[in-house]
Amino acid sequence: GRNALYGMNAQKAFALALEDIKKEMPNRKIEILYEDSKFDAKEGVSAYRKLRDFDNVPIVITQGSGISLAISPLANQDRVFQIAVTASTPKYTSKGDFTFRTTPRAEVEGRELAKAIARLGYKKVALLYNNDERGIGHRDGIKPEIERLGGEIVAEEAIAPEGTDFRTQLIKIKNQKPEAIYLLTEYKNAGLILKQAKEMEIEAQWFATRSIEKKEVLEIAGDAAEGVIYTYAFDPESNDPIVKNFVERYRNKYGETPDYIAAEAYDALKLIAKALRNCGKLDTECMKNDLLATRNYQGVCGTLTFDENGDVYYPYTFKTIKNGQFVLYTE
């Protein structure tokens, strides 16, 4: 689908995690079967049904908010252990069941962005977001925080995820003269939006989430992407030994630096292996309880603790686009 890169980066990380697991658990055979959701919830459900009905999988890793949310009730009904990556919608949260994720909820990231917007002195804010589960989740997360911190939402515009021309929404935003614009969309749309906004001479500080850190954004937007400030929750330059080992192996194997998607995927599969090892046998009820009891797990994303809903939190940093590079942001 339109975000195949997300799946490919996760797949690369799974391969590395599987290498580790084979060394750590040499007597356990773990096989990964792949199906393509095409980044579409209906396709994702069809893929899940194939994996469950024909392959009888007891564990599933899902990717993306809409897809993970659509599969969640089916996984719980089937007592299939589910971990979602890059799935931030608040609607995925459910207490004490078989669904987990390695992505923080949208409002967690929204709170961090809202604090940064307020701290930097921006009062009039526009929201431009995908009209899908992830986009709406982020809108609903950041909007009350901006208002609570004294800001004003002067415009809210939803875009079709598959769109290519966003000038109608941009002109409405421009007319409200925002000081800052919060952009929540996938990387291809982000590049087009930034490019079109510059052509329309929209002058505002752009804020975004970690999904903007893709070279494709720079290829599409060019210098229109300069100065965007965004949240990020994985530091590939960290001195932490776990992170350094993961990044070095990823770079050696694939010739590129892993992104947050790869980091979340790697942690997801390693957490599954941890639960299997602790349970001693394939028992999804035991695996569920193992992860619900997990505290201060040292992963490549940071120190993870699951709450009663299977949600995690880890600290965010801020980055920016400067001279065509993704770099740490300092105020």
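Analyst: Glu201 counts as exposed, because its relative accessibility is 61% (exposed means over 50% relative accessible area, with a 1.4 Å probe and protein chains only). Its phi is near 60°, positive although the residue isn't glycine, and Glu201 lies in the loop between helix H7 (187–199) and E7. Lys177 lies in the loop between H6 and E6; its phi is near 50°, again positive in a residue other than glycine, and at 64% relative accessibility Lys177 counts as exposed.

Quick caveats: this is a predicted model, where local features need pLDDT of at least 70, side-chain atom pairs count only at pLDDT 80 or more, and totals for chains, interfaces and linings use all residues. Residues are numbered from 1 along each chain as its sequence is written, and side-chain values use heavy atoms, with hydrogens and water left out.

Now the sheet. Seven strands make an open, mixed sheet, ordered E5-E4-E6-E7-E8-E11-E12 (strands are DSSP E runs of at least two residues, helices H or I runs of at least four, numbered from the N terminus; strands pair if DSSP finds at least two bridges between them). E5 (152–159) and E12 (325–328) are the edges, each with a single partner strand, so one side of each has no neighbour in the sheet. Strand-to-strand twist averages 25° (axes are lines fitted to C-alpha atoms, for helices over the stretch in contact, and angles run from 0 to 180 degrees between N-to-C directions).

E6 (residues 180–184) and E7 (residues 205–208) run parallel, joined by four bridges, with Ala180 opposite Gln205 in E7. Helix H6 (residues 167–175) lies across E4, E5, E6 and E7, at about 175° to E5 (contact means heavy atoms within 4.5 Å).

Methods:
Buried means under 20% relative accessible area, exposed over 50%, partly exposed in between (1.4 Å probe, protein chains only).
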